[in-house]
Amino acid sequence: MSVTPGQNESGPKRFAQYTTPQPPGQTGPTQRLRMGQAPAAPAAPAAPAAPMSDRRTRRTVDLPLATHRALDIWQREAADRMGVARVTGQEVLTALIDQLLADPKLSAQITRAIQARK
């Protein structure tokens, strides 16, 4: 529902009315100049987009408080066993998913656990 007729636009121009246009001849951010130093070279062009197989997609999980705390404790203990400062939840979930997709026995075990919860 729009308050202003004709303002239902979406996409990159949606907020164009709230941005200030660049003055003519200005093509990027300004540079701070210091006495006796030449201006920095312009930034290199952006790298090409990563191949589809290298792109990341975020997944989130909602955990009961007790499970979240137990996972935190497990992560700290795992970090101690590994001799590292910390083990992140991202690392844990990534390793679990990799094993789930590679191990048919684990896959069947997880499928049974999901069915039992329903």
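Let's start with Gln75 and what it touches: setting aside neighbours within four places in sequence, Gln75 is in contact with Val87, Thr88, Gly89 and Val92. Contact here means heavy atoms within 4.5 Å. Gln75 sits in helix H1, and it counts as buried because its relative accessibility is 11%. For those terms, buried is under 20% relative accessible area, exposed is over 50%, and partly exposed is in between, using a 1.4 Å probe and protein chains only.

A word on where this comes from. This is a predicted model, in which local features need pLDDT of at least 70 and side-chain atom pairs count only at pLDDT 80 or more, while totals for chains, interfaces and linings use all residues. Residues are numbered from 1 along each chain as its sequence is written, and side-chain values use heavy atoms, with hydrogens and water left out.

Now let's step back to the whole chain. How many helices and strands does the protein have? There are three helices and zero strands, giving the pattern α-α-α along the sequence. Of the 118 residues in the protein, 5% are buried.

Back to H1, please. Its 18 residues should span 26 Å at 1.5 Å a residue, and the end C-alpha atoms are 26 Å apart, so the two agree. The expected span is 1.5 Å times one less than the number of residues. Which residues of H1 are buried? They are Gln75, Ala78 and Ala79. These cover an arc of only 100° around the axis, which means that they lie on the same side of H1. That arc is taken from the directions between the helix axis and the C-beta atoms. H2 is included in what covers the buried residues of H1. On the face turned away from the buried side, H1 carries the exposed residues Ala66, Arg69, Arg76, Asp80 and Arg81. After H1 comes Gly83, with a positive phi near 75°.

Leu100 is in helix H2 and counts as partly exposed because its relative accessibility is 27%. Leaving aside neighbours within four places in sequence, Leu100 is in contact with Leu106, Ser107 and Ile110.

Finally, the largest pocket. How much space lies in it? About 1,500 Å³. Of the 31 residues that line this pocket, the closest to its centre are Val61, Leu93, Thr94, Leu96 and Ile97. Helices H1 (65-82), H2 (89-102) and H3 (104-117) are the elements that give two or more residues to the lining. H2 provides the largest share, twelve residues.

On the method, a pocket is found on a 1 Å grid over the protein atoms alone, as an open set of points where a 1.4 Å probe fits, with protein on both sides within 12 Å along at least five of seven lines; lining residues have an atom within 4 Å of a point. The volume is the space filled by probe spheres set on the points, which are joined across faces, edges and corners.

Conventions: Helices (H or I, at least four residues) and strands (E, at least two) are DSSP runs, numbered from the N terminus.
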